[in-house]
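My entries follow, in the order I looked things up.

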Amino acid sequence: MMRNISKRFFLSSGLSALATAACARAPDVSLRPEPRPAGGAGVSTSTAGAAAPKAASAEALIARAELGGRVGFAVADAKTGLLLESREARRGLPPASVTKAVTALYALGTLGAGHRFFTELVAMGPVSGGVLKGDLILKGGGDPTLDTDRMVKLAAELKAAGVREVQGRFYVDGTALPSLNEIDRDQPEHVGYNPAISGIALNFNRVHFEWKRAGGKWATTMDARSNSHRPSVRFAKMKIASRDMPVYTYAGKGEEDHWSVSAKALGKGGSRWLPVRHPEIYAGEVLRDLARAQGVTLPQPQKGTGRGGGRVLVRQQSVELSRMCRDFLFYSNNLMAEMVGLAATKARNGKVSTLKASAGEMSQWAGQQLGMKSSRFVDHSGLGDASEATAEDMALALVRARGVIEPLLKRFDMRDSKGNVMKNHPIGVHAKTGTLNFVSALAGYARAPDGTLMSFAIFAADESTRARIKRDDRESPRGARSWNRRAKGLQQGLIERWGALYGV
C-alpha cells in the first residue's frame, strides 16, 4: 500500500519550515533496485537492455557479518522520500545513540535554535561592606555545559559584585530539572557516561579520580579538573580495597559519594572520570573552593532552594542550543542529551517528573512531527536498551527534517580492510552512530558519486546475548568489541552497495 506525505513539516520553535517530499511506504520485503542504463547517468524508466551494477546483496553482507540477532535497514531518496530498499524496516530495534538525533530535533523544535541556558548567583539579602547579610543561592538553569573554568568566572564575578563574605547560608538549587540518581539503572555504577541528573551539572556530573604509586603506597586524588584548574573535592571519597573483584563499589552516605577500588586493578597508576550522584554538593564545593582563591568566604554548600525572591548578582549563559546539539551529537554526550530533552519537555508541559515520562512526550512529538509512529523512546540519549525505533521511521524522519539535522551531523569515515580512513572514498557520509554492547546503529545521509543524496538507517542488535551480560561486566564484555567491528563493516558494506546501485 502506498501513501503520500504532502503536507509541510514545521518546527514549533520558529525555524524555517521543511518541505516534506512524497514518501512511499516500503513493503515488507526489499524492493528490486531499478538498474541504471549501461554507460549513462540517471535512473532508467525501462529495464530493457540494461545491466544492473555489480553489488553484493544485502543478505550476503549480513551473513558475512555473522552478527546473529536481528538487522533492519531502510534507505530512501533524501529529496523525494522514495524508499529504495529495506529489510525488517518496520521492526523496532534499540537505536542506541541515534536517539540523540531525535532529541536534537525535539529540543530545537520546542526551545528554538537560539535558546540558552543559565546559571545564576542570587543574593537573599543586602550586600554591605562586602558582606552579604543573608543567603547566597547558586541556581542552576539546566545548563549541561557548565565546567570548572566557567565556575572560576562565577567566583570572580561574585567578587566583582562586591561580595567578600556570606553571613547566611549557601544553597545550591538544582530544581530546574528533576533530580535523578542515574540515566540508566542497568549500567555499571562506576561508568562516567551514566551520572546523576539535576538542574545543575558540573563537568557533565563527573569527578576525576587519579591514582599514583608513591613510597610504596597509593596516592589518590578526587578533583574537578579542567585544563587550567584542579580544585579538590571532599564529598567524593575513594578507598583502596584488598580484593580482586569487583573493581569498583559505590555507596551513597548522606550527601557524599563513597567509592572503593580494587588495588589489584590499579596497575602502576592512572585516572578516570567517575559519575557524580550529588550534583548540587559537587558544584557548591567547587565554587566555594574557587571563591576562596578570590578572597571570598562561603559557607559549606547545602542542597536547597532557599526562600523565594532575591536579587541576581551574577548570571551566566550557555552557548546557543544549536551549537549544543551539534556538540552532543558529535561527542555523543549522554548527559547533555538528557538535560536538553528534559528541558524541552518542561517547556512544553510546564513540568517534568521522570526521564521515562519525558521520553514518552518526545515519542509523541516525533510521531506527530517526524512521522515516527512506530518508535518509542525511554530516554533522550539512547543509553537505555528498552527504546525501540524502526529503520523506516528513522530514514523517513531524516528526509522530513533534513534542513535542520543534516548540518549537525559529523562526517562518518569510510575505512579500508585494515581500518584506515579512506580519504578519497567516492561516497560522502554524514551520520549519527549508536553503540551499546551487541547493539549498533547508524543513521544519516550518504551522497553517491553522481550527487544522489540518500537518507538511511541501519539497526543491528543481538539482544539475547546482551541480556546475558552481568551488570558489572557491561563496560567491556567479552566479544562485544569484535561484534561491533563487524557491525560497522556491515554498515559500510550496505552504504557502498547503495552507492553502487543508486549512484555512479
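The model is predicted, so I keep to its cut-offs: local features need pLDDT of at least 70, side-chain atom pairs count only at pLDDT 80 or more, and totals for chains, interfaces and linings use all residues. Residues are numbered from 1 along each chain as its sequence is written, and side-chain values use heavy atoms, with hydrogens and water left out.

**Entry: Asp393**

Is Asp393 buried or exposed? Asp393 counts as buried because its relative accessibility is 7%. I found Asp393 in helix H8, residues 391-400; helices (H or I, at least four residues) and strands (E, at least two) are DSSP runs, numbered from the N terminus. For contacts I take heavy atoms within 4.5 Å. Not counting residues up to four places away in sequence, Asp393 touches Gly371, Met372, Lys373, Ser374 and Ser375. I also checked Arg90, 303 residues from Asp393 along the chain: their C-alpha atoms are separated by 7.6 Å.

**Entry: cores**

I count as a nonpolar core a set of buried Ala, Val, Leu, Ile, Met, Phe, Trp, Tyr and Cys residues joined through side-chain atoms within 4.5 Å. The largest has 67 residues, and Leu321, Leu370, Met394, Ile405 and Phe459 touch the most other members. I looked up what Leu321 touches beyond four places in sequence: its partners include Ala107, Leu108, Leu111, Phe117 and Val340. Apart from that core lies another, of 44 residues, with Val163, Val207, Met238 and Trp259 among them.

**Entry: helix H4**

H4 runs over residues 279-293, and its 15 residues reach 22 Å from first C-alpha to last, close to the 21 Å expected. The expected span is 1.5 Å times one less than the number of residues. How many of the residues of H4 are buried? I get 12 of 15, so H4 is mostly covered. Among the buried ones are Glu280, Glu285 and Arg288. After H4 comes Gly295, with a positive phi near 85°.

**Entry: the largest pocket**

Here I work on a 1 Å grid over the protein atoms alone: a pocket is an open set of points with protein on both sides within 12 Å along at least five of seven lines, and lining residues have an atom within 4 Å of a point. Grid points are joined across faces, edges and corners, and the volume is the space filled by probe spheres set on the points. The largest pocket holds about 820 Å³. Of its 32 lining residues, Tyr193, Ser332, Asn334, Leu383 and Thr435 are the closest to the centre. Helix H6 (334-349), strand E18 (428-436) and helix H11 (480-502) each give two or more residues to the lining, and E18 has the largest share, with 5 residues.

Met245 and Pro246 are joined by a cis peptide bond, omega about -5°. Pro246 sits in the loop between strand E11 (236-241) and strand E12 (248-253).

Ala96 is not a glycine, yet its phi is positive, about 50°. Ala96 is in the loop between strand E2 (83-87) and helix H2 (99-111), and is buried at 2% relative accessible area.

Asn205, also not a glycine, has a positive phi of about 55°. I place Asn205 in the loop between strand E8 (170-173) and strand E9 (206-214); with a relative accessible area of 0%, Asn205 is buried.

Key. Buried < 20%, exposed > 50% of the residue type's maximum accessible area, 1.4 Å probe, protein only. 1 Å grid on protein atoms, 1.4 Å probe; cavity = no way out; pocket = protein on both sides within 12 Å on 5 of 7 lines; lining within 4 Å.
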